[in-house]
Amino acid sequence: MARETMKAWTHSKMGLPSKVLTLDILPVPAVTTPTQVRVKISHCALNPGPSILMQLLPFLFRASKAIPELDFSGTIKEVGANVPVERDLAVGTEVFGSVPLGQHVKKTSGALAEYIVVDCAAVVKKPSGQSLEQVAGLGVAGCTALDLIKAAKLKAGDSVLVNGASGGIGHLVMQMCRAKVGDTGKVVAICSSSNLGWVKELGADEVVDYTKRSPVQSYLADAYDLSRFNAVIDAAGIQAIFSHCPDYLAEGKPYVTVGPRQPNYTVLGMLSTIGLMAKNFLWSRFLGGVPRPYVQVASAESLDGLQELAQMVEDGKLKVHVGAKFKMAEALQAYDRSLRGHAQGKIVVEIGE
């Protein structure tokens, strides 16, 4: 009997999505271990990391044909014999999750496809508070946001500045900050004028429009010199905001970031970014370095993180903003939108019909 097939976007060489991706027909992946589940994907959310891998990781180190992307939502179609009963993952259960990075690199395994097989630890049940379209964007971005918040060590009554507040990670960070600092704290967001309204609705007490307050670090120095923040969380990786943060970040308080933004997805761009990271970590304040703790977060999905995110959604404390949605056949347009930057929440590709 012929093996069932599926549609998937694939590539067999490095490069820009528009240059290397092809809509392909592949066999539907099979459950091969007793703790795996097979999911029919309904939505896939784009993240910067897989785009970096697509453009920079040689195929010497990864499987070919490669399917891009990590984060997904969908419906379970097959359950391994040893999936723990307490996980409540049965055929027909709606879930969201993220493909583990090792599996993604070493196998033909990615979320921009009609089916995925992962270990049961890579998925959790969809919370009732949001749609499959929305929860597809929770995996990597949500776990990163959780780690940023934990690194910032916020408490009730603190003030926090969030840069990149309208992005895929930043808009989740905004909501978590609001919950952490409470009604007595202050959350200040940095974003562009086109996003001011909905970012304000996420819990910002003040919103700084960087397009009208340029250079934004000078505005922050003037506006917050006398009421400096207990933490800065940079979900966009703008080096100038770190370099000038002593003007608005209290002494000894952390600058927490996803890392410097890459100027481009090239080897030279990556080397430039690594150089900035090393400088930020290692350059002593006695030699002119920035006199504030620099904390960089590099996160991957985890079962604990996914479960925590699901509970936050269930409790009404977190929601995903889908800023752009594309059909599966329009995936290249979705990448074009993603690579232009300045995202509004998450970019999602609808896989299911």
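Two rings of Phe, Tyr or Trp count as a pair if their centres lie within 6.5 Å. With that in hand, here is a friendly tour of this predicted model. Ring pairs link F242, Y255 and Y294 into a cluster, and the structure holds four aromatic pairs. The protein is divided into two parts, domain 1 and domain 2, and it holds zero disulfides.

**Domains**
- Domain 1 is built from two stretches, 5-137 and 320-350, while domain 2 covers 144-296.
- Taken over C-alpha atoms, the centres of domain 1 and domain 2 are 29 Å apart.

**Aromatic rings**
- Among the four aromatic pairs is the one formed by Y224 and F229, which is tilted, with 4.8 Å centre to centre and 45 degrees between the planes.
- Both partners are tucked away from the surface: Y224 is buried at a relative accessible area of 4%, and F229 is buried at 1%.
- The ring of F59 has a charged neighbour, as the charged end of R62 sits over it, 5.5 Å from the ring centre.

**Cysteines**
- A disulfide needs two cysteine sulfur atoms within 2.5 Å.
- For C44, the closest cysteine sulfur is that of C143, and the two sulfurs are too far apart for a bond because 16 Å lie between them.
- The closest cysteine sulfur to that of C177 belongs to C191, at 14 Å, so this distance is also too far for a bond.
- C44 is buried, with a relative accessible area of 0%, and C177 is likewise buried, with a value of 0%.

Key: Residues numbered from 1 in each chain as written. Predicted model: local features only at pLDDT ≥ 70, side-chain atom pairs only at ≥ 80, totals over all residues. Heavy atoms only, no water. Phe/Tyr/Trp six-rings, centres within 6.5 Å; stacked < 30°, edge-to-face > 60°. Buried < 20%, exposed > 50% of the residue type's maximum accessible area, 1.4 Å probe, protein only. Lys NZ or Arg CZ within 6 Å of the ring centre and 35° of its normal. Domains from an automatic or database assignment.
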